[in-house]
Amino acid sequence: MRQRTEIQRHFLDPCAVRRVPLTRPLVTGTLPPFLAAGAFFDRLLTPLETLSRERSIFRKTLLAALPMLLAGCGTGPDWRTLRPVSDFGRLGSDVYGDLIWWTLGIFVVVELLLLYALLRYRSRRDESGAPSQVHGFTALEIAWTLVPAAILFFIAIPTVRTVFVMQGPPPGGDPMEITVIGHQWWWEFQYPELGFVTANELHVPVGRTVNLTLTSADVIHSFWVPRIGGKRDLNPGSENRLWFTPTEVGQYHGQCAELCGTSHANMRMRVFVDDSATFAEWAAAMSAPAAPDSAGAMTFLISGCAACHTIAGTPAQGKVGPNLTNVGRRTSLAASLIPNTPEHLAGWLRTPDSVKPGALMPDLNLDEQRIHDLVRFLEGLR
Amino acid sequence: MSSHATAEAGHESIYAGGLRSWLTTVDHKRIGILYGVTALLYFVVGGVEALIIRLQLASADGMVVGADTFNQLFTMHGTTMIFLVLMPLSAALFNYMIPLMIGARDVAFPRLNAFSFWTFLFGSLLLNLSFFAGHPPDAGWFGYANLTSKQYSPGMGIDFWLLSLQIMGIASIASAVNFTVTILNMRAPGMSLMRTPLFVWMALITQVLMLLAFPAITVAFIFLLFDRFFGTHFYIPTAGGTPILWQHLFWIFGHPEVYILILPSFGVVSEVLPTFSRKPLFGAPFMIFSGILIGFLGFGVWSHHMFATGLGAVADTAFSLGSMLIAIPTGVKVFNWIATLWGGRIRFKTPLYFAVGMVALFIIGGLSGIMHASPPVDIQQTDSYFVVAHLHYVFFGGTIFGLFAGIYYWWPKITGRMIGEGLGKLHFWLMFIGMNLTFFPMHFLGMDGMPRRIYTYAADLGWERWNEVATVGAFVIAVSVLVFFVNAIRSAASGARAVGDPWDAATLEWTMSSPPPEYNFAVVPAVNSARPFWLHKHGPTRDISTHTKEEGTPAQPETPPVRVDLPSPSGWPVLAALGLALMGGGALVGLWLVLIGVAVLVFGVYRWAFQPLERLGHPSFGPASTGGR
């Protein structure tokens, strides 16, 4: 394992994440109308559910302990999908928490039966001839048809209930609308209510539901931040939706989960769940960016950068590449591929393709002085 | 048994003959061997691709291959393993064993059978030619639109991929027709459907699935072909097309394809477990009906591959519940296999090792499959390494282990020689350990958020440890495959001669010498039970369900009492298949080559159609034989 830098430890170590109390309760699942006709099943299930809820505290404690036991805190796998930091993610991990015990239980029982049969009925030297020729036993067949069916019933109920919650409207009123547009190979985040656009680093305030509208500018991508929750595809020509309410301040790794071409692996993002003061400060800076130094802006224009990139407050209004407003405030560059330092930025400007294979940003053959000027200008945008 | 030992020395010559005899053969046994050898060679090719993938991912920021090469490698690995290894390896066992197991002298359409093989071979060569043309396909074996459009994949890789798969699809449909007819019409007198061996049953279901599934992918490919070659917009969103159409068409084929890949293995295990437990298969009718149910339900669950696509809650629910239902017949199969072992006298031979390994590993793949049936869970797991783990437990743990059980089980029958037990068990243990080392940690990686199909990842994500383990495991698998080839070569060179029935088995293929004579059955066997040869050897029983006395079928006489005529060899199916491949290749070279391909195809089919099935000099055996060969 390589040495982690201090900043990475701060961002990635789950033990370092600060918990904030929820301002309002998490959503609760309700059956859709056509399934509510099964009130009969609900009544049937009530005593069973009470039973399983009491057990589920035990089960979920075990579930939470399992990764810690396997990995310890902060080293090795972080078990991101099992430690959700949003209500949306928790809906999925709760169903997983039910399923994993059913499947582990079935696994242990069936494999033990297999092992027992193998050991118990191995051929011994003193035996000769054939064993009793049993062709079947119908009662047994019916039993091992009905028992799995019954188990599936217990898996299906939380599944269906949760599907309709996850794909229903965002909980509560007044979600923050954000449009996510996938590009080969970077992310565009539009904040229509706040009136600005940014790229590759998504900032959201803790405790407020976010409603994402997902689409793509080229091929199919998939939005995945494992600790926020499951994926949803970004389909060109149509819109998908995904809501979540972040519950823990921190920085979370995300990346594209649908093969989208050469640099699919390099289409990463960072999601910052900020406390409300930090978010307000960030949003204010994005809405009214400091006036850029005009000599640097001129360099940006004459170097050709403005053909693709926008910087608010300058004549640069290109729409093909990521919006670079306040790019100096970002922690990473090239879709979260490299840290945002002058050295890395200079390297990126020098040979984009060697940093991100297939990158659509052209190699502009900039001389070192020009690169120096651009780096100073861009890093100053904060 | 000793009479067989003397008889088979004369039969080893059934594989004699030069290249010409193999090119023009219409014998299902030789075609089976051609399929098997081709598939095992491609198994090495696909395995090497996998090893390079594993080397690249062994550490963070791997530098073994670049992004484009990596995308090409996993595309070719998936396509190779599914279409060039698992399907033809199943086809090898179908070809060789089905006529022998149902008491037939060949398949229904022997020359169509040859055409299927050569079409498959030429198609697979066209696919791999892309390496030499410098542009292998790189959009994944599933080739999602619109990444495969001319705009986003301008190179020839996608064209190679879709044309070769289209050609191989023709081979699959032709062989599906052939084997459906063979199994339904050519069973020995008295072999009712409920007396047909489970392997043949699973083969029949597989053929029906192929017949119904391949047309969907053919349509999908034709749309893609038109988009890429003639400027249509079936999948182009900017022109009003819809990329999601591809996903539906692909998975309407793709999910039944999963059962096309796993059911043959189910069939093998259902033959091997009873033989080595010395008991009949437990609940055989339930095994048959559960297989049919799996095949039927398999057509109604395709969108569980698309839970992240955004189809809406109602569609997700329907496909989720449908997918869960499949767990029931699959569970029935697993329980019946265990019940078959239960109460038996289990002989621990290599085929049994692989069959039990298949059951043990398939359980894991099946259980993770239940998780994928639940959309709230699946949207975290889909397109992550968790799914890579799941599908390899199904296809490697399930299909490969099952097919190796079949290879070891029928090896003496096919080659006439025994294969080493010690090396066989070494092969098993290395493969079993390597397989779990490679694929089990992938569950952890997926749970930790590692997506599939990425050629690189950052060190700070904590994914290195389990990736290292997986890479070590992959090389253990490679060693196990090497052990298998050593074992196979040793057996061919110096293996002990196999008797006709080395395992004391129950079905008809064991009633004849090893390898079987060219005409298979000297006399057409009469069958009146599901275990004809077992009852002959161990005494008749009463069938409790029908209250009829079941009698066995005796071993075959050494020579046919009456003359047996076999269809004559033909080169025209090869020519017709070559014409198809030229048409496919021509699409990448120029119209002139397409037209040559059409001419060759038409000429080949014409000569084939007008060539008499039996002509002077065709092979015949028996008392009135004129000494054909």
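**Exercise 1. Find how strand 1 (residues 176-183) of chain A is joined to strand 5 (residues 210-216) of chain A, and with how many bridges.**

Solution. The two strands run parallel, and 7 bridges join them. Strands here are DSSP runs of E of at least two residues, and helices are runs of H or I of at least four, numbered from the N terminus. Two strands pair if DSSP finds at least two bridges between them. Take one bridge: A:Glu177 has A:Asn211 in strand 5 of chain A as its partner.

The model is predicted: local features need pLDDT of at least 70, side-chain atom pairs count only at pLDDT 80 or more, and totals for chains, interfaces and linings use all residues. Residues are numbered from 1 along each chain as its sequence is written, while chains are lettered from A and ligands numbered from 1 in the order in which they are written.

**Exercise 2. Describe how strand 1 of chain A meets strand 2 (residues 186-191) of chain A.**

Solution. Start with direction: these strands run antiparallel, joined by 5 bridges. Next, the link: a hairpin connects them through 2 residues. Finally, a position: A:Trp187 in strand 2 of chain A stands opposite A:Gly182.

**Exercise 3. Classify the packing of helix 6 (residues 157-185) and helix 17 (residues 572-589) of chain B.**

Solution. The axes, lines fitted to C-alpha atoms over the stretch in contact, lie 10 Å apart. The angle between N-to-C directions, on a scale from 0 to 180 degrees, is about 165°. Helix 6 of chain B and helix 17 of chain B are therefore roughly antiparallel (over 145 degrees).

Definitions and conventions
Parallel < 35°, antiparallel > 145°, perpendicular 65-115°, else oblique.
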